Amino acid sequence: MSTRLKSGGRRIDRSRPVTFSFDGARLRGYRGDTLASALLANDRMLVGRSFKYHRPRGIVASGSEEPNALVGLEEGDLFEPNQRATTTELYDGLTARSQNRWPSLSMDFGAVTSRLSRVLPAGFYYKTFLRPRSFWKHVYEPLIRRSAGLGYAPNPEARDPDRYEHFYLHVDVLIVGGGIAGIQSALAAGRAGARVLLIEQSAHWGGRSPADHSGGKQSVNNIPVDKYVDECLAELGTMPHVQCRTRTMGAGVYDHGYVLAYERVGDHLPGEGALRHRLWKIRTGRIITATGAIERPIAFPGNDLPGVMLASAARDYLIDFGVSMGKHPLVLANNDSAYETAFLLQDQGVDVAAIVDARTGDAGGVAQEAVERGLRVIRGGGVSSVKGRRRVEGVTICDQRGAGTALEEISCDAIAMSGGWSPAVHLWSHSGGKLTWDARQFCFRPDVDNSARGADGAPYVIAAGAASGEMTLAAAVKDGHAAGLRAAAELGYNGAAQSEPVATRVEEAAIEPVWIMPSQAPVTLREKAFLDFQNDVKVSDVELAAREGFESVEHAKRYTTLGMATDQGKLSNINGIAILSDALGRPIPQTGTTTFRPPYTPISFGSIAGSQTGPRFLPIRRTPIQDWHEEQGAYFEPVGHWRRPYCYPRGDESHSDAVAREILQTRNHVGLLDASTLGKIVVKGPDAGRLLDMLYTGRMSTLKPGRCRYGLMCSENGFLMDDGVVARLDEETFLCHTTTGGADHIHAHMEDWLQTEWWDWKVYTANLTEQFAQIAVVGPKSREVLERLGGMNLGRDALPFMGWCEGMLAGISARIFRISFSGELSYEIAVAADQGIELWEKFLAAGQDFGISPYGTEALHVMRAEKGFIMIGDETDGTVIPQDLGLDWAIAKGKDDYIGKRAQMRSHMIDPDRWKLVGLETVDGSVLPEGAYAVASGKTSIGQRATQGRVTSSYHSPTLGRGIAMGLVLRGPERMGDELEFPGTDGQVYKARLVSPVFYNPEGTKQDA
Amino acid sequence: MRKRQFDGGIARIEDVEGYGMVSLRVSAETALRRARPQRGQACWEGETTTLWMSPDELLFLCPRAEVAGLLRDLAQDLAGVHHLAADVSSARALFDVRGRNALEVMAKLMPIDLSPQKFSPGRVRRSRIGQVAAAIWMQQDGALRVICFRSVADYVWDLMVDAARPGTEVGAF
Amino acid sequence: MLILNCPYCGESADETELAPGGEAHLRREGPESQDEAFESYLFHRSNPKGVHFERWRHAFGCGKWFIAARCTATLEVFGTYAAQTSCPPQEIVDKISERRPDRRGASGS
């Protein structure tokens, strides 16, 4: 049983006990514990069930590489599944629940699948659930859905009350990893004068060294390792240009020195609504990945039973938390480092059953020390089976070189295993750093000559310490120091000469690779040796993949799901690669690794969104009159990031009733529209006319000051992209209106051509969209309303149709355009945005006895359709040219060139069979469905019904009391009066006649009043 | 627009009113009668702040009442010279952000280097705040000024106030 | 996540401040052009795995268009320059030759 020892535990504060709950049981721990250490202190080794077979799972590691101890934390709005107990800092009142088991952890129904493991090997789902086909929807899928998955998703109604944010930082040297190498790098770079940020994912500094060297055999500069770490940190704290942060994980390395770091600001603090995570967006000149190394498990039969743990984790729990993994543990290893676990346990009074060392080569100093301590060492031994159902109770020892013949039974309640160390090369690899196989230490390590390269082509990632394969204390310290100096020097920081720190050296006996234990294990044993504990992938599964032809490591990974669990293969990757290589008879470096991708460990979605959630999700744009629309209870529709009133329902009016009322009020008397969202771009200079002649299809250079002209803009590919009225303000100055959605884009388009093609033309542009509020006053009474405001002569001759003038209207400086999108007598008035609401309210007051009221975008759209005016985005879809829409008159015939002209000369563009604009009138007056196609006889080459037209806009017209529509039809204008059939999606077929698209006042007498 | 003020967190944020703005497009080589800031800088003359916006674009901020005069002066100075001067006094919102943590608050929102070593009085930078275009500069007294288009003033205000929530100091600068 | 130096305002612009504009130094074909030349202007792009000359606009910044010489495979940036030119300036060409001596033709093609 695992237990808390009477003393010890560097990180816990025994004066601050806390209570927490796990699966409903109330347990005790201390501040400083992780959930995992506290569970172990309470003899809770069994913490979950594996994904596929529901096998009992225990705590294996002590950090973010943990594959098994996944819990659901907290409840309600705070509930979060799949949290690692090893990285969850304990706080008073913490609530946790184990996952993937029913009804309980100890009695899990799903464990029955474990008995079926023979018929559920890797890839079984590719071969099963295929027939009968009909079973898929009603039997297989529901079954799989119920049994698949690990944690539970939070309730869809839950709302995260916590807050998240981002932070942008530029530094010279970013060091990831607060272990001995990282701290050394920070010191060297900081002393040289560079701006340094040192980040550490856990809550404490020093990494593995304080636990590994607590035995006191080694030191740096003659100071005990943990004291040395404290002194370094103290010195770093005195440097203003050096920043050190804990609880901050390097999540990913991207291009050009961009790095994301994930700071868990508030996870260790109970409560809600506070800042929880901060995502750092860092630009750095150099990155030092001092990310340490991860211990490998050993693949022996029964290695997945709770009680089997990494030897380094056992040391961590002992030294950092005062917890012993068992009363009678066994140490199993192929390298020297695991011996320290046995020594430290023994020093704390724990009875170590034995040290089983799979190696047969020369024993080193540690073996000697073990003997001197009276510990039993079995050389060349292996474990061929583990006794126990839900917890280790004993092992069977065999010869590692054999096939598993039992030599003896040893009783033990825990196994501390070490299969060697793999440098954590994730961040090194993210942006292209390559790896090389170290044939002496049996690991992949950074190929230091092939680092990721930055914008200047120079390598910008430097690996240091164990992360670079420099595993010993002396090597890590030296390497860290060199890395810090190098990073600073490459950026031009040299500083004063620095002395290199000196650490003690200890001779180590070589590691011997043990990829399968025992090395000649038959398949019955290989089926019990686990590689991936979370996804239940065994040695036999990887060998099966190799047999079935999945030879690429990327294929083998996906076929077996090895390394695809939430731990991203941190404990399983290398062992799996070795098994695959062995099965295919090729060397490990030839197999290579799978691609490492960010994030290093999962980060929350909240941190990715930062503060841009809820009301801050989109930059909603508001016109100067927006408040008024909202107070009136307008119903809004999105137009880009604007929210424009669609209609203003009164009382319990339906939307369609409101729209009809607004149209009739406007056509019969006067209405008001907020047109502030339309783009307004000033174009000025001696070449302004020349520019506009190129950008528009028409000739703007001949427009006279005081006049307006409707213009069309096409792309170089010939297609209509925007339209709007251009006003000539003076000899050199034009004001171009664009559609609401087009303002920013058309301004950019103008600048694009001016800057990159005609850069010697003298033209300046300015986007003044936001400077003006623009109000349309529309209807037979509109002139009267304006005249009531006073200040300007707006008679028919003073301001004719398509003219503009400026002056003081009701004391407000205004520019008035006499343009019409509705076909009525109509004015658009532009005033400074600050005065928009004032003018709006003046119009409302002046027109009261005419029943003046605002109308929204739907009334606007219906009225223009009644007049046959096209709308960008309805009649155009990126494939429509002006000639399709009967707008040939807007194309200046004498112009040599304009953007789109050449494209419109292509054979497909001048084809008489192009679909062209017509009006459509249903035979029965109903409303044609928008988007409906007119069918023709026969079928197309791919067997669909032939079509000869489609509906581009369709509305009910209250003015005419019937449905009206516009559409594009094959040779439409030549077939007036023809009747076509439009099948709807409701089974109905609509019959409509081709008519002129100008349904209302075709003579144009109203707008010219 | 009603004047807002936020002082409940780690920086003080408020609407600044009473300013007019004039946008001037004129070539970099054209001499101006008034002071012209260096690239990426602001300069002050009387009550007018001039911001460098691009090689051929300047933005003047002056008291509202002086806008008409400024436009007249520019028209006179640049008569016969190709230029564009526009009154943009209503087009933008102007904010003041000050306090010990002001730079950090803005560094939560803008992808630029706002460390005090790099961002000092007179420095102007156009970039974005959240998803919208914005410009930021440091006044002579160390306070920050921020401008964005008026239609997204509420959005930018919300982002800044959120970034200045109590207890969210970063401790990076 | 690129970072490019804008030659106009001198700022190091994060990719999120920039709007991409495709291949640089295209020759505009007008109404006199043959179909093939026009098609090439509209649609054919070199799309190299290697040195590429591409247009970028400092959209959330000074608003100017500039050109970057960048390797599409390694993301190395050889330099950025003003867009008012029909071919890369000599110093960019020289830099590319220095960094990529094996590459044939350091001009904008």
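Two residues are taken to be in contact if their C-beta atoms, placed from the backbone, lie within 7 Å. By that criterion, the contact between chain B and chain C takes 11 residues from chain B and 12 residues from chain C. This is a predicted model, in which local features need pLDDT of at least 70 and side-chain atom pairs count only at pLDDT 80 or more, while totals for chains, interfaces and linings use all residues. Residues are numbered from 1 along each chain as its sequence is written, and chains are lettered from A and ligands numbered from 1 in the order in which they are written.

On the side of chain B that touches chain C, the elements giving two or more residues are strand E5 (48-54) and strand E9 (124-129) of chain B, where helices (H or I, at least four residues) and strands (E, at least two) are DSSP runs numbered from the N terminus. E9(B) supplies the largest share of that side, 4 residues. By class, the side divides into 4 nonpolar, 3 polar and 4 charged residues, with Ala, Val, Leu, Ile, Met, Phe, Trp, Tyr, Cys and Pro counted as nonpolar, Asp, Glu, Lys and Arg as charged, and the others, Gly among them, as polar.

Chain B as a whole contains 3 helices and 11 strands, which run β-β-β-β-β-β-α-β-β-α-β-β-β-α from the N terminus on. Buried residues, those with 20 or more other C-beta atoms within 10 Å of their own C-beta atom, all placed from the backbone, make up 46% of the 173 residues in chain B. Among contacts in chain B between residues at least 6 apart in sequence, 60% join residues at least 24 apart.

Turning to chain A, helix H5 (residues 180-191) and helix H7 (residues 225-237) pack at an angle of about 35°, with their axes 10 Å apart; the axes are lines fitted to C-alpha atoms over the stretch in contact, and angles run from 0 to 180 degrees between N-to-C directions. In this packing, Ile180(A), Ile183(A), Ala186(A), Leu187(A) and Gly190(A) of H5(A) meet Val229(A), Cys232(A), Leu233(A), Glu235(A) and Leu236(A) of H7(A). The contact of H5(A) with H7(A) has 8 nonpolar, 1 polar and 1 charged residues.

Further along chain A, the buried residues of helix H24 (residues 836-846) are Gly836(A), Leu839(A), Trp840(A), Phe843(A) and Ala846(A). These residues lie on the same side of H24(A), because they cover an arc of only 130° around the axis, the arc being that of the directions from the helix axis to the C-beta atoms.

Technical notes
A residue is buried if 20 or more other C-beta atoms lie within 10 Å of its own, exposed if 12 or fewer, and partly exposed in between; C-beta atoms are placed from the backbone.
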